[in-house]
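This report describes a single protein chain, moving from its overall make-up to selected local features. The sequence and the structure are shown first.

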Amino acid sequence: MATNTTAGIGPDAFTTEKKRDDGQISPEIGIEGPDSYTLDHPEKDASEEINYHTLTWWQAGVVMIAETVSLGILSLPAVVANLGLVPGITIMIFMGLLSTYSGLVMGEFRKQHPWVESFGDAGEVMGRSIGMGKVFQEVFGWAQTIFQIFVMGSHLLTWTICLNTLTNSSVCTIVWGVVGLAVFWVLNTPRTLKAAGYYSFVSFASIFTAVMVTMIDVGVEKPLGTTSIEVARTIGFSSAFLSVTNIAVAFSGHSCFFSVMSEFKQPNDWPKALWLLQICDTVLYIVVSVVIYVYVGPNVPSPALSAAGSVVVRKVIWGIAIPTIVIAGVIYGHVAAKYIFVRVFAGTKHMAKRTTLGVIGWLGITAGIWIIAWIIAQSIPVFSNLLGLVCALFASWFSYGIPGSLWLWMHYGEWFASPKKIALFSLNALLMLVGLLLCALGLWCSGEAIAQDSGTDPWSCKSNAA
């Protein structure tokens, strides 16, 4: 038994922690460490145990690529068209580097606290040092879950755009939303991410092929030099900042990072998976957004898959994109449902065994969050506006602000101990500042855009095909 009683707000301020037989640390207060539900249980039947540690680093990297490189990439050509070529590329590189570093900070934090599998757990660890563990746990954990449900809603919205495009809007948009609700829910019935490690290949191949076909089509239909290209543009602040939030949300997979880490076979392989994700998404974002903007010009639609000139090709592209629309949404649904499930059933046999109550609980939770996501999709029917709101409310903190605070907390009292520490302190303070600005200004800009957008009515049968 190891007890730390040092006062202050740093990591040494833990109240009580205990060393487990498997070498990991679990808190004696707060919720149980997530790995505790895989330990031996007196009633455990080995044939029924659910193994939550199934991902290799490359499988985890592919899962995160499928989760991250999905809807975000579809808004980026329009972002470059709005900001101009140079500002668009510069901000993408800057946000990509920041999000990579913040992911490494999250890996460092979980290495010190291996039982953490959500931002709620991380908040509980930090809050414990000032007697606010339970409060931080609830605020961080449920904020993460709400964010993921909003992203699920954006996938459902994209599903309706896709189906309207493929069917020439032959069915009410609300009906397509209900069909999508059923499809996403059925695919969310598995309790682990093991299957996602394989079908995420399909998801990545789907979005990659779809954007490649789009680029080829616009390159053939609109030869270079036939469209106007601006190196930089002078636009209103609200429009410009909404574009920045769309870039930020393209790098906002962080809300799932702790959960993915918790399912690693070898947790120390996290940096490999992160670099695989960030190199792939940054390169793909820049190439796709620049090529489509250069050939299409200032009138690039969002989502960008509708940039193809031919109706037939446009339908082919949207058909190819269906797997990524669905699979990436299902990954977010899994993480959100798992957090709720752990909160309800932590410490019980239902975590590690396929009991009747556990199965009913999982199915009920997944159905409930997809219904909420469907309501969001119907209420905010404009793609870029929904992404901007999601970024401002949540991605600003999970991808930038909170990781910065995790580093400051872990290294409390050592911020200025050396030139390296001073540089890292400045970098993490910048993360927190970026998170704050994205939240405050992004909320204002996205709220203004939603209020002014009269092109699509909420809860309407009207087609939303681009």
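A residue is called buried when its relative accessible area is under 20%, exposed when that area is over 50%, and partly exposed in between. By this cut-off Cys256, at 0% relative accessibility, is buried, and Cys162, also at 0%, is buried as well. The model is a predicted one, and every value below is computed from it.

**Overall make-up**

The chain has 466 residues, of which 57% are buried. Its secondary structure consists of 14 helices and two strands. Of the contacts between residues at least 6 apart in sequence, 83% link residues at least 24 apart.

**The disulfide**

One disulfide is found in a search of the whole structure. Its partners are Cys172 and Cys461, with an S to S distance of 2.0 Å. The link between Cys172 and Cys461 is left-handed, with -85° about the S-S bond. Cys172 belongs to the loop between helix 5 (133–166) and helix 6 (173–187), while Cys461 belongs to the segment after helix 14 (419–452), so the bond ties together parts that are 289 residues apart in sequence. The two partners fall into separate classes of accessibility: Cys172 is buried at 17%, whereas Cys461 is partly exposed at 49%.

**Positive phi values**

Most residues other than glycine have a negative phi. Asn168 has a positive phi, near 55°, and Trp459 likewise has a positive phi, of about 50°. Asn168 is placed in the loop between helix 5 and helix 6, the loop that also holds Cys172. Trp459 is found in the segment after helix 14, where Cys461 also lies.

| Residue | Relative accessible area | Class |
|---|---|---|
| Asn168 | 55% | exposed |
| Trp459 | 41% | partly exposed |
| Leu436 | 46% | partly exposed |
| Thr245 | 0% | buried |

**Helix 4**

Helix 4 spans residues 119–128 and is mostly covered, with 10 of its 10 residues buried. At the start of helix 4, a side-chain oxygen of Ser118 comes to within 3.2 Å of the backbone nitrogen of Gly120.

**Thr245 in helix 8**

Thr245 is part of helix 8 (residues 237–250). A polar atom of the Thr245 side chain lies 2.6 Å from the backbone oxygen of Leu242. Leaving aside residues up to four places away in sequence, Thr245 touches Gly388, Cys391, Leu438 and Gly442.

**A nonpolar surface patch**

Which residues make the nonpolar surface patch of about 410 Å²? They are Phe94, Leu430, Leu433, Leu436 and Leu437. Helix 14 provides the largest share of the patch, with four residues; Leu436 is found in this helix. In an α-helix there are 3.6 residues a turn, so residues three or four places apart point the same way.

Note on methods. Residues numbered from 1 in each chain as written. Predicted model: local features only at pLDDT ≥ 70, side-chain atom pairs only at ≥ 80, totals over all residues. Heavy atoms only, no water. Buried < 20%, exposed > 50% of the residue type's maximum accessible area, 1.4 Å probe, protein only. Polar contact = N/O pair within 3.5 Å; in protein donor to acceptor, adjacent residues only side chain to side chain. Disulfide = S-S within 2.5 Å. Contact = heavy atoms within 4.5 Å. Patch = residues over 30% accessible without salt bridge, like charges linked within 9 Å, V, L, I, M, F, W, Y side chains within 5 Å. Areas by Shrake-Rupley, 256 points an atom, 1.4 Å probe, with all protein chains shown as cover. Salt bridge = Lys/Arg side-chain N within 4 Å of Asp/Glu carboxyl O.
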